[in-house]
Amino acid sequence: MFHLYPDLLNLYGDRGNVMAFARRCRWRGIDVEVRQISLGEKVSFKEADFLFLGGGSDREQNLMAGDLAARKEQLREAVEEGLVVLAICGGYQLLGKYYRTLDGKEIPGLGILDLYTRAGRERLIGNVAVEMEINGMTHRVVGFENHAGRTFLGDLKPLGKVLAGRGNNGEDGFEGARYNNVFCSYLHGPLLPKNTVLADNFIALALKRRGWREELRPLDDSFEKAAVDTMLKRIL
Amino acid sequence: MIVRFILALWAARLAMFVARVTGRGKGSSLPGKIALKIYPRILKQLGRQIKKGIIVVTGTNGKTTTNNMIAGIVGDNKGSGVIINREGANLITGVTAAFIRAAGPFGGLHADYACLEVDEASFPGVVREITPDIVVVTNFFRDQLDRYGELDKTIALVKDALKKLDSVRLVLNADDPLVAQLGRVTGKPSVFFGLARHPGVSGTGSAAREAKFCPFCGAELAYSYYQYSQLGNYKCPGCEFARPQTDVEGVDPGVDGMLVSCRVRFRQGNMYPLQIPVTGLYNLYNGLAACSVGLLLDIDMDGIRSSLAGYLPATGRMEKFLYRGKPVLLNLVKNPTGFNEGLSTLLSVPAERVNVLIAINDNDADGRDISWLWDVDFEVLSGAGEKFGTFVCSGRRAWEMAVRLKYAGVREETVTVLEDFDQAVRTALEGTGDMSYFLATYTALWPVERILSGYAQRERTLPESVPSISGSVKSVR
Ligand SMILES: [Zn+2]
């Protein structure tokens, strides 16, 4: 697993997502190595099974964008080849075409996904519940959003339907984006520890690419389920 | 004008009276709100009457403790009246209420000093109305992001407000680069306090570290050691920014049970022993900040030392209770750094086994976003398995807390989730430990404290809230 720029992007407990992925592998006896990738570090995305990209403050985000721009083609290729990616908040926006600021300036993104973001005046903040389909089953996922950007999808599937909260832009009722094995979302919270179905989905996808054919062994998720149910009860 | 002023004063007083009689709206911002609505200049009018000095404490953690320590030092050594705002009432409404409470029926004030803790985001608004002579900045950490936006913006707000103050003197934490930079960017005369290197410092920073880059040139700061979080000895490789030379430095710090100590060196000169009945190294920073203010006010070191030696923690700042002869500690947590401080105290308490209660709410005052729990290093608990009898998780986000402990490597069998505070407190107290340690977020603290004081006896009592005139700060000791 590659965790991009953890020393830079430390907002919103991002490392919780990394912990959840790694722990849930280890609890099943699956070896996992978390590599923390810093600015300028030489890496090949071909070596990664799962890549996590979080969000940061404006300044940090600019540093991250600059560094990733130099790796754009490599990342695009990896995504086309099915690299499993989770991108949240700023990481999500960055994968798109551009971010338009309030005064109309367009900051180019990596252009890997067909989406764009424009700044809104009011920040969209609060608890969110999203219904999404994973492996043909419908699941409810909860998290917390805090973003000024409004993201609009082009020829892309959203991650799910907003049941409570604002989602991508507060207008079209969708949240996040999906392309190949790339999953984007505005939900932090963090997302993976309590939404175990998502976490396990990433593990399963990553293993599948490695030629693994077995089903994932189920774990006791009673704490996680209770945390999700409590929030669903509150906001739905 | 004078009519409105008096009207505002009386309306606010009435609201305070109603709150007291009905027992509701305790700690509410309503009286201050009413007063400011009726007469927006009321705070300016009242603040002008302070005769000798206004001291404002801002920053993320340690405001209440530092401000209470300062008020104690000033009250003990300068005698006549000190106005202080009630703990946590640190928005402009709370500051206004403190002045109103101390004012006479026609708005007259007879106080030489005001010691005010002011929320970082409210700081610009408050200092537009009252002109502080000394501003203390404790530290900057990430706190309740969903309310304030990002830390950079908060610091910029404080910075700009400081620049506009004319004859202010600053008391700054030298070990926190985010705070220390304020000396240079504002150009105001500054006194720096900090802790010297000691055997407990660490070579690596924690995950919750905020400042990584030089505020002046953007290069990554190089640290020779860390005290905790981003506090330590730093130097910019790209420009001349570095930890400033300290005026007040704590040497050989020690944490011994419920007492912290060090020797204080003032301006590279004499050393004075200092002891404060509080826990955790971070409280030593608060003590050093208070020392610095005392020295700026020309109070002699002996007077400062004896005030600090008699310091009583306020509600939820490591308050101590006794339950059937076993100690219970209650501590407020509100951000990753404060929580990490709490956990390191928890690991060092002199007990074989500890019952732990963690109460997490997500109301506005707690921060609605609880993702910060994932920036707290709960992993330190997994290594100390035998030390903990039980972990009781409570509050609106009790399950979330249980999930966090699980992923930190705490065994699930030791975790009990009881959202109801009363059940949670009772279960924790009845655990197998020989002491209990309670951690609670802001809005969980009050119910937990109330329930706890029903079962256990408070070891030493400070009145429910800090008195507004500190002639009495002394007399309650
Ligand atoms: Zn520099």
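Analyst: The model is a predicted one: local features need pLDDT of at least 70, side-chain atom pairs count only at pLDDT 80 or more, and totals for chains, interfaces and linings use all residues. Residues are numbered from 1 along each chain as its sequence is written, chains are lettered from A and ligands numbered from 1 in the order written, and side-chain values use heavy atoms, leaving out hydrogens and water.

User: How do you know whether Asp369(B) is buried or exposed?

Analyst: The relative accessible area of Asp369(B) is 6%. Buried means under 20%, exposed over 50%, and partly exposed in between (1.4 Å probe, protein chains only). Asp369(B) is therefore buried.

User: Why is the pair Asp369(B) and His188(A) said to be in polar contact?

Analyst: The side chains of Asp369(B) and His188(A) are joined at 2.9 Å. A polar contact is a pair of N or O atoms within 3.5 Å (within protein, one able to donate a hydrogen and the other to accept it; residues adjacent in sequence count only if both atoms are side-chain atoms). The value of 2.9 Å therefore meets the cut-off.

User: Why is Gly189(A) called buried?

Analyst: Gly189(A) has 3% relative accessibility, and so counts as buried. Gly189(A) sits in the loop between strand S12 (182-185) and helix H5 (191-194) of chain A.

User: Which residues does Gly189(A) touch?

Analyst: Leaving aside residues up to four places away in sequence, Gly189(A) touches Phe144(A), Lys194(A), Ile370(B), Ser371(B), Trp374(B) and Glu400(B). Contact means heavy atoms within 4.5 Å. The C-alpha atoms of Gly189(A) and Asp14(A) are separated by 8.2 Å, with the two residues 175 apart along the chain.

User: How many salt bridges are counted between domain 1 of chain B and domain 2 of chain B?

Analyst: The count is zero; a salt bridge needs a side-chain nitrogen of Lys or Arg within 4 Å of a carboxyl oxygen of Asp or Glu. Three residue pairs across this interface are in polar contact, both residues at pLDDT 80 or more. H4(B) gives the largest share of the domain 1 side that touches domain 2, three residues.

Technical notes:
Helices (H or I, at least four residues) and strands (E, at least two) are DSSP runs, numbered from the N terminus.
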